[in-house]
Amino acid sequence: MAVERTFSIIKPDAAARNLTGAINAMIEQAGLRIIAQKRVRIGRTEAETFYAVHRERPFFGELVDFMISGPVVVQVLQGENAIAKYRDLMGATDPSKAAAGTIRKTHAKSIGENSVHGSDAPDTAAKEIAQFFSGNEIVG
Ligand code: ATP
Ligand code: MG
């Protein structure tokens, strides 16, 4: 299996509830290494660009408003099969459908305020990492 990098966001609901450390512990426990991390406030245009794939969905406005509602923690995670591994650790989008032991089952408040984002494929991972980090901020 290949060593991959994936992009993660600890979303405003989780950052506001002081869950950065608890979520980071779950990430590290799963065998992923946090090779870049910063706490930022995402701007409206930046959020619209990031979630552009969902522009036509009925929840798009709500999603953008939520993502800019407070600080987030953006991260690059590295490890064997990191993209799928982190998606598994996150659990289903709707926390009521997420498996036990996943981040969303443990911490998420709702399908919208669901605590974490993770890239869904190698091309989106590369694009998302480049949107938030310059090369010298990532130390693998
Ligand atoms: P993410 O892309 O944030 O990692 P995901 O891939 O599990 O999550 P997507 O289908 O890409 O889910 O949806 C992106 C985000 O939009 C979700 O994480 C959630 O915050 C929000 N969202 C998705 N579906 C709904 C919905 N029905 N109502 C409100 N918000 C939603
Ligand atoms: Mg997604």
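Q: How many helices and strands does the protein chain have?
A: This is a predicted model. Read along the sequence, the chain runs β-α-α-β-α-α-β-α-α-β-α. The secondary structure therefore comes to seven helices and four strands.

Q: Why does the protein chain count as compact as a globular protein of its length?
A: The globule rule gives 14 Å for 140 residues. The C-alpha trace spans about 35 × 35 × 25 Å along its principal axes. The chain is as compact as a globular protein of that length because its radius of gyration is close to the rule, at 14 Å.

Q: What share of the contacts with a separation of 6 or more joins residues 24 or more positions apart?
A: A contact here means heavy atoms within 4.5 Å. Among the contacts with a separation of 6 or more, the share from residues 24 or more positions apart is 76%.

Q: How far apart are the mean positions of the positive and negative charges?
A: The protein chain carries 17 positive and 16 negative charges. Their mean positions are separated by 3 Å.

Q: Is Asn18 buried or exposed?
A: Asn18 sits in the loop between α1 (12-16) and α2 (20-29). Its phi is positive, about 60°, although Asn18 is not a glycine. The cut-off for exposed is over 50% relative accessible area. Asn18 has 71% relative accessibility, so it counts as exposed.

Q: Is Ser115 buried or exposed?
A: Ser115 lies in the loop between α6 (103-107) and β4 (116-118). Phi of Ser115 is also positive, near 70°. Buried means under 20% relative accessible area. Ser115 has 0% relative accessibility, so it counts as buried.

Notes
Residues are numbered from 1 along each chain as its sequence is written. Chains are lettered from A and ligands numbered from 1 in the order in which they are written. This is a predicted model: local features need pLDDT of at least 70, side-chain atom pairs count only at pLDDT 80 or more; totals for chains, interfaces and linings use all residues. Side-chain values use heavy atoms; hydrogens and water are left out. Helices (H or I, at least four residues) and strands (E, at least two) are DSSP runs, numbered from the N terminus. The radius of gyration is taken over C-alpha atoms; the globule rule is 2.2 Å times the number of residues to the power 0.38. Lys and Arg count as positive and Asp and Glu as negative; His and the chain ends are not counted. The place of a charge is taken as NZ of Lys, CZ of Arg, CG of Asp or CD of Glu. Buried means under 20% relative accessible area, exposed over 50%, partly exposed in between (1.4 Å probe, protein chains only).
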